[in-house]
Amino acid sequence: MVIKVFLASSSGSTAIKKKQQDVVAFLEALKVDYAQLDIACNEENRMWMRQNVPEEKKPANGIPLPPQIFNEESYCGDYDTFFDAKEDNSVYAFLGLPPPPGSKAHAEEEEEQEEADDDREEEEAEVQEEEEAE
């Protein structure tokens, strides 16, 4: 799975440039495999991005601005949703990727699985006790 980040290489907006740099730098820091797709120089990339951002995620003018993030064909989100995922330590879930072994996110996922397993075992034990009491 390759993460696709749609960027504008020649954006006049410093805000957009900073957001693009933030996304790319964070993905590099996490060692996530990603591809940068330029919408400024490549009309196909621009059209694909615009057509594949879900209607409910498009701004009022209908034209989504970069950066837009996809996992292959699946839409992940824009900068704001990426930023929220980063703040919540849920970037891997946002990207639709499993957290790498040894990461904090992976440890939290394992802990949640263990808790779910413990809960299920307790429920099974209670059911068995009730059946034996009958």
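Me: Which elements do the buried residues of α3 pack against?
Reply: The buried residues of α3 pack against α1, β3, β4 and α4 (91-95), where a contact means heavy atoms within 4.5 Å. Buried stands for under 20% relative accessible area, exposed for over 50%, and partly exposed for what lies in between, with a 1.4 Å probe and protein chains only. Keep in mind that this is a predicted model, in which local features need pLDDT of at least 70 and side-chain atom pairs count only at pLDDT 80 or more, while totals for chains, interfaces and linings use all residues. Residues are numbered from 1 along each chain as its sequence is written, and side-chain values use heavy atoms, with hydrogens and water left out.

Me: Which are the buried residues of α3?
Reply: They are Tyr79, Phe82, Ala85 and Lys86. Seen down the axis of α3, these buried residues fall within an arc of 125 degrees, so they line one face of the helix; the arc is taken over the directions from the helix axis to the C-beta atoms.

Me: OK, zooming out, how many helices and strands does the protein chain have?
Reply: There are five helices and four strands, and along the sequence they follow the pattern β-α-β-α-β-β-α-α-α. Helices (H or I, at least four residues) and strands (E, at least two) are DSSP runs, numbered from the N terminus. Of the 134 residues in the protein chain, buried ones make up 31%.

Me: Back to lysine 86, what does it form with aspartate 22?
Reply: Aspartate 22 and lysine 86 form a salt bridge, with the closest N and O atoms 2.9 Å apart; the term means a side-chain nitrogen of Lys or Arg within 4 Å of a carboxyl oxygen of Asp or Glu. Aspartate 22 sits in helix α1 and lysine 86 in helix α3, so the pair ties together parts that are 64 residues apart in sequence.

Me: How many salt bridges does the structure hold?
Reply: It holds four salt bridges, and one of them joins glutamate 73 to lysine 4, with 3.5 Å between the closest N and O atoms. Glutamate 73 lies in the loop between β3 (68-71) and β4 (74-78), and lysine 4 lies in strand β1 (residues 3-7), so this pair ties together parts that are 69 residues apart in sequence.

Me: And is lysine 4 buried or exposed?
Reply: Lysine 4 is buried, its relative accessible area being 18%. Glutamate 72, which is placed in the loop between β3 and β4, is 68 residues from lysine 4 in sequence, yet the two are 6.5 Å apart in space, C-alpha to C-alpha.

Me: New topic: which residues line the second largest pocket?
Reply: Its lining includes Ile16, Lys19, Lys57, Tyr79 and Asp80, and the elements that give two or more residues to that lining are α1 (14-29) and α3 (79-87). A pocket is found on a 1 Å grid over the protein atoms alone, as an open set of points where a 1.4 Å probe fits, with protein on both sides within 12 Å along at least five of seven lines, and lining residues have an atom within 4 Å of a point.

Me: How much space lies in the second largest pocket?
Reply: About 200 Å³ lies in the second largest pocket, where grid points are joined across faces, edges and corners, and a volume is the space filled by probe spheres set on the points.
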